[in-house]
Amino acid sequence: MTSGLWELVLQGVWVTIQLLVLSALLATAVSFVVGVARTHRLWIVRFLAGFYTEVFRGTSALVMIFWVFFVLPPAFGWQLVPLWAGTLALGLTYGAYGAEIVRGALVAVDPAQKEGGIALSFTPWQRMRLILLPQAVPEMIPPFSNLLVELLKGTALVSIMGMGDLAFSGNLVRLALQESAEIYTYILLIYFVIAFLLTRVMRGLEKKLKAGVGKTAPKSGTVTPEPAGIGGAR
């Protein structure tokens, strides 16, 4: 490939990374807010959080991107740029999966820990902040790592909006060179490298957090199951 075509691919990598970071931040915020809400003592809060989770887990991320980018503008009279439309659609969709990770980790904390907080007259927020989250967050990291890699692969969906991400740029290069095997091999390798770096970073974060609570992270050969149904997000 010529230097100009490589520059196009690198621009696509940069757009993909921007989208990944922004949508991951939104998904993380949604995950914790909705996940904690699913353990709330009020049934209406649990119902609303559960309704959101089921709706966004049960809809396609591809259709959600179409809906945010093409349906919302006529309905509300404003237009989102592709980057923000992709961030909103992917963040809300993958945030629903993340909410189940958060809920499951909170529920898995030893009930005796919660009872100890009650005995110390901690408020629900104090129990959550001082007892539950410090123990639950390290257990969230492996499934969140899987979810982050899935989100990376999901960013390719934004190419349907004409957004110049890695997948879109790769397709433009393919059309210019009329060479599919070589171009898509490069694209696959780039996605793999980004995903590998993400898993290494998350692995290091897991070790650091577990060391802080006196736990040991499992060996690198241990297989962590993905959240059920994650493939249905696309």
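Student: What covers the buried residues of α2?

Tutor: This is a predicted model, in which local features need pLDDT of at least 70 and side-chain atom pairs count only at pLDDT 80 or more, while totals for chains, interfaces and linings use all residues. Residues are numbered from 1 along each chain as its sequence is written, and side-chain values use heavy atoms, with hydrogens and water left out. Helices are DSSP runs of H or I with at least four residues, numbered from the N terminus, and contact means heavy atoms within 4.5 Å. The cover over the buried residues of α2 includes α1, α3 (61–76) and α4 (82–107).

Student: Which residues of α2 are buried, and which exposed residues does the face turned away from them carry?

Tutor: Buried means under 20% relative accessible area, exposed over 50%, and partly exposed in between (1.4 Å probe, protein chains only). In α2 the buried residues are Ala49, Gly50, Tyr52, Thr53 and Phe56. They lie on the same side of α2, because they cover an arc of only 160° around the axis, the arc being that of the directions from the helix axis to the C-beta atoms. Trp43, Leu48 and Phe51 are exposed on the face turned away from that buried side.

Student: Is serine 31 buried or exposed?

Tutor: Serine 31, which lies in helix α1 (residues 3–37), is buried, with a relative accessible area of 1%. Among the residues that serine 31 touches, not counting those up to four places away in sequence, are Tyr94, Val102 and Phe144.

Notes. Helices (H or I, at least four residues) and strands (E, at least two) are DSSP runs, numbered from the N terminus.
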